[in-house]
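This report works through one protein model, beginning with the chain as a whole and then turning to individual residues. Please keep the sequence and the coordinates in view while reading.

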Amino acid sequence: LQPYTRGLADFAVALQQLTRLVHGDRVLLARVDEIANLGRAKESQLARAIQRRRDSGFEASLAIVQTQVGRQTMNAFRSRVRALVVELGDARSAATAQELAQYNKIRLLGAAVIVLILLLVGVAIGFLSLSVRRLDELQKQREQEAMHDAEDLFRGTLIVRHLHAERARVG
């Protein structure tokens, strides 16, 4: 009877885990309750068969098993468990697909941000290049003005020297 008693404990633990897994989903909790009720019905049938064996012998126990009620209960149990597994698998697939879609949106948004940053960097470089060009032109213009001023000053100095030389000669 060790497999039977171990199975009872394992069933209780599995049922608790399954209930925690679907906690918050009323539809799935109802399905788990249905599975639990079928499991408890099967446990009750097995317990009656074991007790009948102890009390009345093998033939009396066999009579319970031969009614096929236990088989029908077990088939219904297996069917409900399979359906729940499929439903949970579908829900997991849907959640995975949703997470993947969300991840792809985030990737696309990230790529758009990178493109925007590159575009802004390009615009900034263009403005800097334009500013540097304007500064170069302004510097060249000032250099030319300074050269003209220096030439004018030089001419003025020459004229003043020439005038001083003329005055010195005349007078």
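This is a predicted model: local features need pLDDT of at least 70, side-chain atom pairs count only at pLDDT 80 or more; totals for chains, interfaces and linings use all residues.

## Fold and overall dimensions

The secondary structure of the protein chain consists of 4 helices and 0 strands, and, read along the sequence, the pattern is α-α-α-α. The radius of gyration of the protein chain is 48 Å, whereas the globule rule gives 16 Å for 171 residues, so the chain is more spread out than a compact globule. Taken along the principal axes, the box filled by the C-alpha atoms of the protein chain comes to roughly 160 × 25 × 20 Å.

## The aromatic pair

A search of the whole structure finds 1 aromatic pair. The pair is formed by phenylalanine 11 and phenylalanine 77, with a distance of 6.0 Å centre to centre and an angle of 55° between the planes, a geometry that is classed as tilted. Because phenylalanine 11 lies in helix α1 (residues 2-21) and phenylalanine 77 in helix α4 (residues 69-170), the pair ties together parts that are 66 residues apart in sequence. Phenylalanine 77 is itself buried, with a relative accessible area of 16%.

Glutamine 68 is found in the loop between α3 (58-65) and α4, and its phi is near 70°, which is a positive value in a residue other than glycine. With a relative accessibility of 33%, glutamine 68 counts as partly exposed.

Glycine 70 and threonine 73 can be read together. Glycine 70 is found in helix α4 and counts as buried at 13% relative accessibility; threonine 73 is likewise found in helix α4 and counts as buried at 10%. When residues up to four places away in sequence are not counted, glycine 70 touches Lys42 and Gln45, while threonine 73, under that condition, touches Leu38, Ala41, Lys42 and Gln45. For glycine 70 and lysine 42, which are 28 residues apart along the chain, the C-alpha atoms are separated by 6.3 Å.

Arginine 31 is found in helix α2 (residues 26-56) and, at 32% relative accessibility, counts as partly exposed. Not counting residues up to four places away in sequence, arginine 31 touches Leu84 and Glu87.

## Separations across the chain

Two further C-alpha separations can be set beside the overall dimensions of the model. Between arginine 31 and threonine 157, which are 126 residues apart along the chain, the C-alpha atoms are separated by 110 Å. Between leucine 100 and arginine 54, which are 46 residues apart along the chain, the C-alpha separation is 58 Å.

Leucine 100 is found in helix α4, and with a relative accessible area of 49% it is partly exposed; the reasoning behind that label is that exposed requires over 50% relative accessible area.

Technical notes. Residues are numbered from 1 along each chain as its sequence is written. Side-chain values use heavy atoms; hydrogens and water are left out. Rings of Phe, Tyr and Trp (its six-membered ring) pair if their centres lie within 6.5 Å; planes under 30 degrees apart count as stacked, over 60 as edge-to-face and the rest as tilted. Helices (H or I, at least four residues) and strands (E, at least two) are DSSP runs, numbered from the N terminus. Buried means under 20% relative accessible area, exposed over 50%, partly exposed in between (1.4 Å probe, protein chains only). The radius of gyration is taken over C-alpha atoms; the globule rule is 2.2 Å times the number of residues to the power 0.38. Contact means heavy atoms within 4.5 Å.
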